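Me: Got a model open here and want to talk it through. Can you take my questions as they come?

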Number of protein chains: 2
Amino acid sequence: MKVVSGKVFIACSLDGFIARENGDIDWLHRYPDTGDDHGYARFMATVDGLVMGSGTFKTVLGFGEWPYEKPAVVLSSTLTAQSIPDALAGKVRISDKAPRAIMQELADEGWRAAYIDGGRLIQSFLAEGLIDEMTITQIPVLLGSGRRLFGEHHGDIHLKLESAEYFASGFVQSRYAVER
Amino acid sequence: MKVVSGKVFIACSLDGFIARENGDIDWLHRYPDTGDDHGYARFMATVDGLVMGSGTFKTVLGFGEWPYEKPAVVLSSTLTAQSIPDALAGKVRISDKAPRAIMQELADEGWRAAYIDGGRLIQSFLAEGLIDEMTITQIPVLLGSGRRLFGEHHGDIHLKLESAEYFASGFVQSRYAVER
């Protein structure tokens with residue numbers, strides 16, 4: 001059955017953390033804004049929408065302004081349609097489907113690629129073979145502890161480097177295809 | 001007091017492992033030999049010798065042929081001079097000194113830079129501020145578990161990207177200076 005292609009675009013510390021234990025991403029904000037979006041707009045143009053976990057959804061809501069123009073699906077078994085602020089009606093929907101089921105549903109709706117966001121979601125989608133491409137931006141800092149980008153899984157997951165570049169900020173960005 | 005400059009040159013999986021739980025590095029050997037040494041000879045020319053832990057020493061002994069021309073110090077509180085094969089006499093010595101003390105001793109002997117090798121040793125030398133430069137080569141694979149390159153430490157360790165390049169193998173190599 002056809003599924004949407006899952007794509008990851010995420011930053012992590014050189015030691016592999018996407019946030020501190022308490023969720024803070026303060027360490028991401030000490031780098032001067034060079035006006036460079038590190039390929040974000042180009043990446044967003046390649047996806048039809050986002051799939052995120054409830055933790056990421058709450059974090060993004062905390063930013064104040066909803067940053068996405070494309071539709072977003074929040075995977076959660078506890079949130080309901082009532083959890084969505086009125087301003088986001090039509091932009092965000094809640095689903096309690098499993099990873100593969102939601103990727104099939106979105107394919108049926110005509111999506112070809114989805115931005116999979118949030119540490120736990122990325123780990124479960126990777127483990128289920130639902131991620132085709134990952135763009136990892138490594139920040140030049142060792143945090144020592146926090147929430148990891150990658151988790152445990154069975155068997156090696158082989159990747160194919162598609163491109164790599166670095167920025168004046170010291171960020172190193174690598175794009176990988178996930179081999180099957 | 002003057003200490004030797006510690007330098008790291010190591011490969012890890014994209015998820016930060018330098019070996020499987022049992023020490024295996026089989027996953028490093030599935031990439032075709034392109035004849036490229038990934039900057040190893042150039043790096044070795046910048047150090048006066050090596051400092052390694054006893055685990056790394058035993059691993060390297062297992063290779064059969066000792067691969068280093070420069071002198072090596074094995075930090076261990078259990079190994080003795082008798083643990084060194086005759087063929088390595090004069091090339092390898094054992095020391096039970098603490099990281100900073102051995103780096104001072106080597107500075108007194110005229111060393112300016114040492115290749116610090118082995119996961120646990122790198123972690124303790126980093127935590128003590130004894131590492132000045134790290135060249136990390138990321139292999140395009142997710143192992144999911146194993147022995148980590150980086151460990152816990154107190155406070156963020158900020159790095160300055162000095163160079164980044166990638167290879168036909170899909171390896172991405174970044175060289176960082178450790179900020180103080």
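Me: His38(A): how many other C-beta atoms are within 10 Å, and what does that make it?
Reply: His38(A) has 17 other C-beta atoms within 10 Å, so it counts as partly exposed. The cut-offs are 20 or more for buried, 12 or fewer for exposed, and partly exposed in between, with C-beta atoms placed from the backbone. Bear in mind that this is a predicted model: local features need pLDDT of at least 70, side-chain atom pairs count only at pLDDT 80 or more, and totals for chains, interfaces and linings use all residues. Residues are numbered from 1 along each chain as its sequence is written, and chains are lettered from A and ligands numbered from 1 in the order in which they are written.

Me: Where is the place of His38(A)?
Reply: In the loop between β2 (17–19) and α1 (40–44) of chain A. Helices (H or I, at least four residues) and strands (E, at least two) are DSSP runs, numbered from the N terminus. The phi of His38(A) is near 55°, a positive value in a residue other than glycine.

Me: And what about phi of His38(B)?
Reply: Positive, about 55°, and that residue is not a glycine. Most residues other than glycine have a negative phi.

Me: New topic. Which residues of α2 in chain B are buried?
Reply: Thr56(B), Phe57(B) and Val60(B), in the helix that runs over residues 54–61. They sit on the same side of α2(B) because they cover an arc of only 105° around the axis, the arc being that of the directions from the helix axis to the C-beta atoms.

Me: What covers the buried residues of α2(B)?
Reply: The cover includes β3 (49–53), β4 (72–75) and β6 (113–117) of chain B.

Me: OK, the contact between chains. How many residues does it take from each?
Reply: 25 residues from chain B and 25 residues from chain A, where contact means C-beta atoms, placed from the backbone, within 7 Å. On the side of chain B that touches chain A, β10(B) gives the most, with 7 residues. By class, that side has 14 nonpolar, 7 polar and 4 charged residues. Ala, Val, Leu, Ile, Met, Phe, Trp, Tyr, Cys and Pro count as nonpolar, Asp, Glu, Lys and Arg as charged, and the others, Gly among them, as polar.

Me: Which strand of chain A pairs with β8(B)?
Reply: β10 (residues 157–166) of chain A, in the antiparallel sense over 2 bridges; DSSP has to find at least two bridges for strands to pair. His158(A) stands opposite Val141(B) there.

Note on methods
Two residues are in contact if their C-beta atoms, placed from the backbone, lie within 7 Å.
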